[in-house]
Amino acid sequence: MHLFLLGVSHRTAPVDLRERLDFSSRDLTAAAGAIATKPSMSEAVVLSTCNRSELYVATTDPACAREELVSFISEYHHVSAPTFQPHLFALENSAAVAHLFRVAAGLDSLVVGEPQILGQVKDAYQTSASTRCVGPVLSNVFRWSFGVGKRVRTETALGEGAVSVSYAAVALARKIFGRLGGHRVLVVGAGEISSLTAQHLRTQGVGEIVITSRTHAHAEELAAVVGGLAVPWDSMTNALGAADIVITATGSQRPIITRAQLEAAQGHRRGTPLFIIDIAVPRDVDPAVGEIEQVFLYNIDDLQIIVEENLSRRAAEVERAESIVNDEVTKFMTWQRSRSAVPTVVALRQRFESIRRSELQRLEGKLGPLTPETRARVDEVTRLIVEKLLLEPTEQLKALPDEETQAAYTEAVNRLFRLQDQDASEPSKRS
Amino acid sequence: MNTLPLLLYAAAGVAYAIHFARRDSTVGRAATTLLLFGALVHTFVIGMQTMEVRHLPFANFSRAVSSFVWLLTLSYLYLELTTDERSMGVFILPVIIGLQLIPVLHPGVERADPVLDSPWFWVHVSSLLFAYASFALAGVLGVTYMLQFKEIKKKHLGYFYTRLPSLQILDIMNSRAVTVGLVFLTFGVIVGAVWTAQARTIAPDDPNLRAMSIDDPKIFVALLTWGVYSFAIFARRTWGWTGRRAAWLSSLGFAFAMVNFLAINYFVTTSHTFY
């Protein structure tokens, strides 16, 4: 049985094609079920995110599976095969294992190390598992990949540091205030980044979000989106005095928050920190504001520098993450080979055991006069001899370096001990 | 006898440093375990010494330092286990290890002075050692606050940013440690004064007791330390001196406390030399 992977990703296909081949918007279980019942395939997992649509299958014939999968994709999405075929990538066995491990580790993501992908891999597997579309091949490799994803995240800094401006702002807020519960946010001017940042802050459990904008309707719109409170523009100074986090994003040509204004508002604050995120260009906050003792002022450039630093830090971790993935691929393949040696080992043991029993049977007449204790001892000794004889061959069979060698050894053992003649109903096989 | 705790503290210190640099939680847990083990052995050592001299081993400089280290370790462990925050360990362990070297290198002999045979004296010393332990924690929290503050304020998010807890948490912990320390310092000084008055009636000619006055450097610096911390709390409440100012004041206060505890005792004071 082979592991076979066919798919498109952001590395091989443009976004419009990926959208057309997206499985996630439709019934994933039906797709996996349809694939798993194809003649050449027995198991299927469909991994579909905005950056990839990948079909993992267990098949006896990869070439045949590829053809069947191409025609399936074409029919399922109503896209002609020549449209997407040049963008497909196909991988088999260890290469497919390595790919899945890289995906789970976040190494194949558009933003390297992004955290969602591991959950998406788990969901894809669960969806197939719930409809019994997975068997030993996919089950083992997917379960192993969860561990790889976790290992890369704990042992490297691949997923560390915010890589978008809004997340960078939230991470900074957490570093200043700790838990954000109960802290008040003031959003001045409604724009895309301020909306995103406010939403991220909301998910972190901030207390109140107050929004003000020169156009009150904009403030109300954003308030509805983030669950905040829209206040009139002229009450901004009051709101400034009560806020812990301020996000400014107006189109104003001149600073709207000055040092004097803020110092007046700070009078009531008694030393509690104030974090100001100035996303506007030109800037909304007078840079002198950042000189006030407990004020932390970050503008869009500062945040972008943080994002770039984090991205380069992640890039520096890629090598370590790749080596973990390679290490895990080797471990997985070795483990799998040791498992595929199991039927041969079992057959060999059965062969030896049946010889032992038949010899004891043959000597029944001579052993008859012995006391039950002595007979038990004879039985024990013969069993131990068999165990000892088999110990080394078992270890060796499990530790063979590659599939070819393993096939040769299995064949040799089968012939030397006539295993298949002896147990024809359960031939030793490789998976 | 103090060597085994020192070795365990040193091992914990190395583990805390590795944990801080690599952010490996397994090493972090190992560090805490080593420190807990060190504190346990140290408790045993102090227990043995208490049984030997029939009172807490404070009346000898080295033993007082050892007791202080023990209290500091327990206070730090309390802080770590209640906040689940290990990154302070790398800052506090050097203080613990450095001070524990004193009793190891100069064990000293404890002389039981009949003047000291009063419960007031033991309450006085225990309170002050505990106050110093709190100030040590506050001082370390203050230093780490300043490191973190500098990185965030200057927008150079680097080594400490990724490793230390948030500014607000550091500030709150600092404020608590200073308050607890000040309560014990105040209590300790008052008890000391009461005991001196009592002891003078028993041993009017004792040179130590005669030297107990505001002119004595030890007492003077103790009151100065008390002044610094009282000011820190007052300024926080009244003018909102939190954050970096509070951090700076608590570091200054700790410097005074340590000079008083270590240097002045050794070289200058004429009171407080019962050994």
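**A tour of chain A**

Buried means 20 or more other C-beta atoms within 10 Å of the residue's own, with C-beta atoms placed from the backbone; exposed means 12 or fewer, and partly exposed lies in between. This is a predicted model: local features need pLDDT of at least 70, side-chain atom pairs count only at pLDDT 80 or more, and totals for chains, interfaces and linings use all residues. Residues are numbered from 1 along each chain as its sequence is written, while chains are lettered from A and ligands numbered from 1 in the order written.

Switch to cartoon. Chain A shows 18 helices and ten strands, taken as DSSP runs (helices H or I, at least four residues; strands E, at least two) and numbered from the N terminus.

Now select the C-alpha trace. Its principal axes span about 110 × 60 × 35 Å.

Colour by pLDDT, the predictor's confidence in each residue, from 0 to 100. The mean for chain A is 87, and 97% of residues reach 70 or more. Next, select residues 423–431 of chain A, where pLDDT is below 50. Where pLDDT is low, the predicted coordinates should not be read in detail.

Go to A:Asn51. It sits in the loop between strand 2 (41–49) and strand 3 (52–59) of chain A. A:Asn51 is buried, with 20 other C-beta atoms within 10 Å. Leaving out residues up to four places away in sequence, show what A:Asn51 touches: A:Ser9, A:His10, A:Ser109 and A:Leu110. Contact here means C-beta atoms, placed from the backbone, within 7 Å.

From A:Asn51 it is 226 residues away in sequence and 31 Å away in space, C-alpha to C-alpha.

Conventions
Contact = placed C-beta atoms within 7 Å.
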